[in-house]
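Visitor: I would like to go through this structure one step at a time. Please show it first.

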Amino acid sequence: MEMELTPINVAMIAPTGAGKTSLLSTIVQYIKDNLNVADGFGIKPSNRKDEDVLNTFNSDLRAKIDAEDFKFESGFLAGTTVSRKFEFEITLTSQADTEVKQKFVIMDIPGAWLEPDQRTNVSGWDEFKAHLYNSRIIWIPVEATVLMEVNQNSASEKGASSKISCRDEIEELVKEWAQFRQKDGLPASANFVITKCETYHSKDDSKGNIKASQCRDLFSKYYDEAIDRIRKECPQVEISYVPVETVGCVKCIDSDWNTSEKDKPYLSCEYAVTSPHKRVIAGAESLVKPILDYAVAQIQAELKSMSDKAEDIFKENEDSTFLSIVNYVLGETKRAKKQKAEVEKLYPCLVKLGTRLEQLRQAGDQYKYYKHL
């Protein structure tokens, strides 16, 4: 017996190179690390293509760490034009041959589509827009390096940083999302995810507080206007500043801005690998929390609905001899017994999944730089 819960949708809005794939890998890895497979839990991408993307990323990441050779480039070098929908699911398989699946669907906007004139007559734009409207959660990755590795006395570097960030274009999309969420009326969450932040927000760096404050101040300088617009359009949206260490064991040691092409500037950063020379993620629990909030609420509602439905059918049969005969003739009693049997199998499975997600939601040491805005 299998039950698939309604998917939880997340929309990701960020320019090319903001660390979206590493963010996806981090979220999946965090949940894997906190689920007990021996108890029947599992997490995996929903299709082979998504699994291959993550496996390739993780393999490349291990190779870079082993080689102690890191270089990342941000900007307009390779603006993507294809939207990607990434799906993964948490499953619980019980000894009663019962499986419950909670799917999570994350879809990003191609970097090239942040320019409105690039969306005209392109395949996939309507699909992304529909996903955006159906997402109660949005992630807005913000590269810490693009904020911090800027000479504040250089007009060209500040201009390049602004262009790479695509803040105006992102703000318009986020505003549109907030307007729809206001009409919907349901709880919603907007997360500004600070990526590539290990140099500034690392828990293990005694100087991190100073750098973290600088990063936070620069974020406020450039993104407070977008935050105000979200809050104005939809006051019930929970807005958060979430630094996420997707690698952990790296520090930026050199950065180089290329501003020779004003329309396509980019930033190249070189990193040194630090102890313990292995991937150590941090901050993911804060980003996962809203996803699990909605998943737990959905499971609780499903449990109540299932229980009430089976009880109502049996109550009808008990209340009236005539109805009992009619329902028996129509096959309703047999159907009700089958529903009750299904509930008896699925109910404890759902309870267990909901309990574990609730524990996962509260697990981990809250990243000290996480902040509600």
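This is a predicted model: local features need pLDDT of at least 70, side-chain atom pairs count only at pLDDT 80 or more; totals for chains, interfaces and linings use all residues.

Visitor: How far apart are the end C-alpha atoms of helix H6, and what should the helix span?

Guide: Helix H6 covers residues 167-184, which is 18 residues. At 1.5 Å a residue, H6 should span 26 Å. The computed distance agrees with this, as the end C-alpha atoms are apart by 25 Å.

Visitor: Where around H6 do its buried residues lie?

Guide: The buried residues of H6 are Arg 167, Ile 170, Glu 171, Leu 173, Val 174, Trp 177, Ala 178 and Arg 181. They cover an arc of only 165° around the axis, so they lie on the same side of H6.

Visitor: Which residues are exposed on the other side of H6?

Guide: Exposed means over 50% relative accessible area. On the other side of H6, the exposed residues are Asp 168 and Lys 183.

Visitor: How are H1 and H2 oriented to each other?

Guide: The axes of helix H1 (residues 20-34) and helix H2 (residues 48-67) come within 10 Å and cross at roughly 100°. Angles of 65 to 115 degrees count as roughly perpendicular. H1 and H2 are therefore roughly perpendicular.

Visitor: Is His 201 buried or exposed?

Guide: His 201 is in helix H7. Buried means under 20% relative accessible area. His 201 has 1% relative accessibility, so His 201 counts as buried.

Definitions and conventions:
Residues are numbered from 1 along each chain as its sequence is written. Side-chain values use heavy atoms; hydrogens and water are left out. Helices (H or I, at least four residues) and strands (E, at least two) are DSSP runs, numbered from the N terminus. The expected span of a helix is 1.5 Å times one less than its number of residues. Buried means under 20% relative accessible area, exposed over 50%, partly exposed in between (1.4 Å probe, protein chains only). The arc is that of the directions from the helix axis to the C-beta atoms. Axes are lines fitted to C-alpha atoms, for helices over the stretch in contact, and angles run from 0 to 180 degrees between N-to-C directions. Angles under 35 degrees count as roughly parallel, over 145 as roughly antiparallel, 65 to 115 as roughly perpendicular and the rest as oblique.
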